[in-house]
Amino acid sequence: MSYETALKISDVVNSIHKKKYLLPAIQREFVWNTYQIERLFDSIMRNYPISSFLFWQVDKESVNDYEFYEFLREFHERDRRHNSKADVSGEEGITAILDGQQRLTSIYIALKGSFAEKLPRKRWDNDLAYPKKKLYLNLVGKSEDSELEYDFTFLTDEEASESDENSYWFRVGDILNLKEPGEVNSYLIRNQIFQNYTPEQAEFANNALFKLHNVIHITPLISYYKEQSQSLDKVLNIFIRINSGGTVLSYSDLLLSIATAQWEEKDAREEIIKFVDEINDIGGGFNFNKDFVLKSSLVINEFSDFAFKVDNFNKANMLKIEQNWDALTSAIRIAVKLVSSFGYNRETLTSNNAIIPIAYYLYKIGATESYPTSTRNLADKEKIKKWLILSLVKRAFSGQPDNVLRPIRKIILENHDNFPTELIIDKFKGTTKSLLFSTEDIENLTHYKYGQGFTFSILSLLYPQLDYSNQFHIDHIFPKSLFTKAKLRKRGISEEDIETFYDWFNYIGNLQLIGAIPNIEKKDIEFKIWLNKIYPDQRNQDQFKEVHYIPNVELDFENFIEFFEEREKLLIAEFSKILLTEETVE
């Protein structure tokens, strides 16, 4: 391996753009955020070292032996996170990046592309939640971040156009068009930087833009080593050696890289990434990742050791996973569809690992795609649902999930005529992973609040009859919008009671599961008014109250405290009926 003459950033970006530089299939995907990119450019401008790179020179005779991917240019957090497979002809060699992918992708996005990440508090499926942003540099002022000197920021073009006396936003990618120093000077004059800003700001702008020109076009900053071996085993070994120490590369990415190199017929990277996207789109959407699929593959294939370590990703194991890929992914897919039919989604499934035993069970019984909707297995599905809810509420998979997965897999392996919920409960009795509830545990269930992931699981215990093929919302029985201190005072609530109203309204005592459409229609209407309007017939109203554990008290808003206290008693009694056993009753 030789140390080569350093390269200029503009030349490297040009080579990436012309697809002379590619990424080997063993590389992970792009994971940096905008702040990391901004910090990288600040380091470049301040002449800080950005570490060396490792390139792999692949001869044209060997190009077609491997899979390569293009650099990501237009990053979109939802729609464009995956690198496109490169079309290599084999007519000429290519340079593959073994170390430095995140930095080079960041430079390429900053100079040639864009970055679209989801805005906070916006829905995942809202297209407007992902504004397209480019990297800009404020030419006339330093960064307000004490750790940075230059104010690099990702902005939309509209945001960047709003310059004022303290900012002039220069699109960093435009520096590629200013090839000569004279063009930099002309830009500053043409845009009236010297006329519109103070002498100090103009001087800063002059220095900053010439500095940016210098680090992109003049100074060779990309220092790199070149590996010329055509042996994938050697290259993989180098790659592992580089990335297995520290946190530069996540362990699952490293293991995926190994799997990719060892599968013979299928492309492991493409198959796994495609499958992750597929199961994340089921129902209301989930948040599975490569770790989940890799771990599930190890468990379902019944390897004695399924820990995340390099030894378990040996050639024999990887080939078995490849050969069994269709069957194991089918089991996982059906499991996710089943859990979705229970009403779960990315917000409410608080442990992805809880899916794995379900998928393993479905694999063992050879479940078909009709399993989640079939009426012939209702009792079996109730057992699965009960186990899932208990495991999530009791946080069985927190800590070291392998210590839970291993005994559960053994129980299912030996008992899969139906889902062995009771055997699993019995196995963990008396341990820190017990699924049994004490009276204290029962009372603690009412302490969960709106917006917490576990709240849906707890509420779903109360509604076993709901058909979750329809969409259900967690609803405030007494509308949330009424619980502002100003509105409470206006209604004549005493100051002492205001604190209680305000503290209690978000707890399970004021929450119910109702259909999405009724919830939208209910909106901010007072509960008593809404109930009388929707259920004018007393019998139907009594039935609603029974289903939703509404106490027999006055339902006026001013009576919220008594309503809440009495409803909590009803909920605790119902939870006790569902969850307490003779062994746990004190």
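Predicted model: local features only at pLDDT ≥ 70, side-chain atom pairs only at ≥ 80, totals over all residues.
In what order do the 3 strands of the open sheet formed by β9, β10 and β11 run? The order is β10-β9-β11, and the pairing is antiparallel.

On average, neighbouring strands here are turned by 35° against each other, direction ignored. If you look at how β9 meets β10, you will find 5 bridges joining the two antiparallel strands. One to pick out on screen is the bridge that gives K142 its partner in β10, Y150. Now bring in helix α2, residues 34-45: this helix lies across β9 and β10 and runs at about 145° to β10.

Strand β9 also leads us to an opening in the protein, the second largest pocket. Along with α1 (9-17) and α3 (101-112), β9 (134-142) supplies at least two residues of the lining of this pocket. The helix α1 gives the most, with 5 residues. The pocket has a volume of about 390 Å³. Of the 21 residues that line it, L111, K112, G173, L176 and N177 lie nearest the centre.

Next, turn to strand β7, residues 94-99. Why can this strand be called largely enclosed by the rest of the structure? The reason is burial: 6 of the 6 residues of β7 are buried, so the strand is largely enclosed by the rest of the structure. Buried here stands for under 20% relative accessible area. Two strands that pair with β7 are worth a look. Strand β3, residues 21-24, pairs with β7 in the parallel sense over 2 bridges, and along this pairing L22 stands opposite A96 in β7. Strand β4, residues 53-58, pairs with β7 in the antiparallel sense, over 5 bridges. Within that pairing, Q57 has T95 of β7 as its bridge partner.

How many cavities of 30 Å³ or more does a search of the whole structure find? The search finds 2. The largest cavity holds about 50 Å³ of space. Its lining is made up of A259, W263, I272, V293, L294, S297, M318, I321 and W325. By class, the lining of the largest cavity counts 8 nonpolar residues, 1 polar and no charged ones.

The second largest cavity contains about 40 Å³ of space. W387, S391, A396, F397, V404, I408, F428, K433 and L435 line this cavity. Here the elements that give two or more residues are α15 (378-393) and α16 (402-414). The lining of the second largest cavity has 7 nonpolar residues, together with 1 polar and 1 charged.

Note on methods
Residues numbered from 1 in each chain as written. Heavy atoms only, no water. 1 Å grid on protein atoms, 1.4 Å probe; cavity = no way out; pocket = protein on both sides within 12 Å on 5 of 7 lines; lining within 4 Å. Points joined across faces, edges and corners; volume = space filled by probe spheres on them. Helix = DSSP H or I, 4+ residues; strand = E, 2+ residues; numbered from the N terminus. Pairing = 2+ DSSP bridges. Axes fitted to C-alpha atoms, helices over the stretch in contact; angles between N-to-C directions. Contact = heavy atoms within 4.5 Å. Buried < 20%, exposed > 50% of the residue type's maximum accessible area, 1.4 Å probe, protein only. Nonpolar A, V, L, I, M, F, W, Y, C, P; charged D, E, K, R; others polar.
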